[in-house]
Amino acid sequence: MFVLRLVDVPVLQPDIPLQQTIASPARPLHVKIFIPEYTATMQFTLRSCVVNSTKACAIRVMLGSIMLPQSFQKILSCKGTADCSLVLHSPPWEKWLQIMAENLGTANASVSFEMIAFFTACKPGSTNSFLNFYNSLNQSQSTPALGGGRNASTLGMLGNTTLPAVGAANNASDPGTFCLQNQPVIREDLDVASVRFRVINGPSIPVHSEFPTLLLFNLNTGMDSGGTLVVNLLLNETSLSIGNASVFACMTAASPVLTLNTTQNCSTAFFQGYPLNVTGSSTEATLIIPYPETDNWFLSLQLICPRGQGECNKAKAKVTVSTYLSPCFDDCGTYGQCSLLRRHGYLYAGCSCKAAIAVALYRYYLVEASVYTYTMFFSTFYHACDQPGVAVMCIMDYDTLQYCDFLGSVVAIWVTILCMARVKKILKYVLFVLGTLLIAMSLQLDRRGIWNMMGPCLFALIIMIMAWVYHGVKRRHCYPTSWKRWVFYLIPGIILAFVAISVYAFMETNDNYYYTHSIWHILVASSVAFLLPPRDKHKNPWAWSQKLICRYQICKNDREELYAVT
């Protein structure tokens, strides 16, 4: 990565005009301003804009990082006017905001203008700020851990700190009131990418109609973005003083939403949040955020009453908030396996599907299931070892893991197609072993050769087609006989398999390896679930064991009769 760092960037201070000049359209102007905590709105104004000191100018101002997508930037265009302004609701707290101004005039036009910014602060109901609360939490090491647990955070003595200075900012409410309520939260690190958040004096918190209740979740450690953030809200129906009211919540990063009761829009100046809603009829709501970005996350909750409801001013409700960070949501479900991977120094978790194995076991294809298990095991650890950087996990030699991964992938396709052919069992197992030996030899000669994949596929397809033709001629009917089998299983499975092979053989390069190889694994595993034949309804898969039991019983009866005669 090539970094070009700007030096001597002018700083725009609140309520203080900043005079600037853009000499050439080829060189834009960069300015920055610091956004304090509890900033509700920021009004940016560009005024006295003239070109060569004579006429109104044409200038464009972009607020926010120029590296972000355009939908996350705020653009202010001033054409043919000397003054223009823009209001940002809930700008990111405790961060520098980048401002870039471009001259849209001619090459020789020199543009001069004045910048000024005004902040509106939101006074909290508690004098303890969020960040001061966490600073005191980290600095206090003498207080015993909460709950006595080894991983529990410590809670120090909190001093009465005042609001951060915001220039000549005005409070969004009268001096005697406040416009939000803080609800402190403690972070408990349990394991890698596994965090539990505990609400102080919770887990049930009061939610009011007059102002929002805020909870801060610290995901700013740099090790949390690889997990999944789960937020669960449970409304206490008995605490809801107005039956048809609802609690509207919004989860955002960098800054909270403070206007839930007026707009019910879950978005801040540069971030589209995640909305939640609980009512008397639907008392529970769950939000799942995979790979949350590294930042301070805020949950805003407010009681919303229907229009024309006069007694809503003093209404409140009780909501139980449960929030935690997990490597994989619901531990990847019944047929999934949660894996921790590290790439370029970043640790993240992901689910690997083992349902091909499950389908094979369910349909009593035990040999095929063992091949799929072998493939999943070595594929998982090969990719854990095949990582750039220093932090990798190799349980064996890299070359051995790569060979076993390639072998398992090709053999899995080989046994799946032969299983579809429905040949006699003795012939099927002979082909299984013989094909596996030939595939192992081919991979040893040229591990990345295209015919290592295409050869077994084509040969197995020829065997399958010959077997299907034989069954069709013998039965005097198209094989497989059911049209549902073709429409809902075979055709989708064949399409998935051919797309997977095409991606693997013709589209995979060093640049797109991570994407194409992931697509290959997804498509192949999905095709197996469609292509494996159904369970044989006329044969008991455990008949061999029952035969052994019956023979043992017959022999036992014969011996008893012989003893009786003797």
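Is Thr-213 buried or exposed, and what is its relative accessible area? In this predicted model, Thr-213 is buried, with a relative accessible area of 0% (buried means under 20%, exposed over 50% and partly exposed in between, for a 1.4 Å probe and protein chains only). Residues are numbered from 1 along each chain as its sequence is written, and side-chain values use heavy atoms, without hydrogens or water. Local features need pLDDT of at least 70 and side-chain atom pairs count only at 80 or more, while totals for chains, interfaces and linings use all residues.

The Thr-213 side chain comes to 3.2 Å from the backbone oxygen of Pro-206. Apart from neighbours within four places in sequence, the contacts of Thr-213 include Gln-181, Gln-183, Val-207, His-208 and Ser-300 (contact means heavy atoms within 4.5 Å).

The sheet itself is open and mixed in its pairing, with five strands ordered E11-E15-E20-E17-E18 (two strands pair if DSSP finds at least two bridges between them). Strands E11 (181-182) and E18 (274-279) are at the edges with a single partner strand each, so one side of each has no neighbour in the sheet. E15 and E20 (residues 295-304) run antiparallel and are joined by seven bridges; Thr-213 sits opposite Leu-301 in E20.

As for confidence, the protein chain has a mean pLDDT of 77, with 79% of its residues at 70 or more (pLDDT is the predictor's confidence in each residue, from 0 to 100). Over residues 136-177 the pLDDT is below 50, and this stretch has 68 contacts in the model beyond near neighbours in sequence.

Notes. A polar contact is a pair of N or O atoms within 3.5 Å; within protein, one must be able to donate a hydrogen and the other to accept it, and residues adjacent in sequence count only if both atoms are side-chain atoms. Helices (H or I, at least four residues) and strands (E, at least two) are DSSP runs, numbered from the N terminus.
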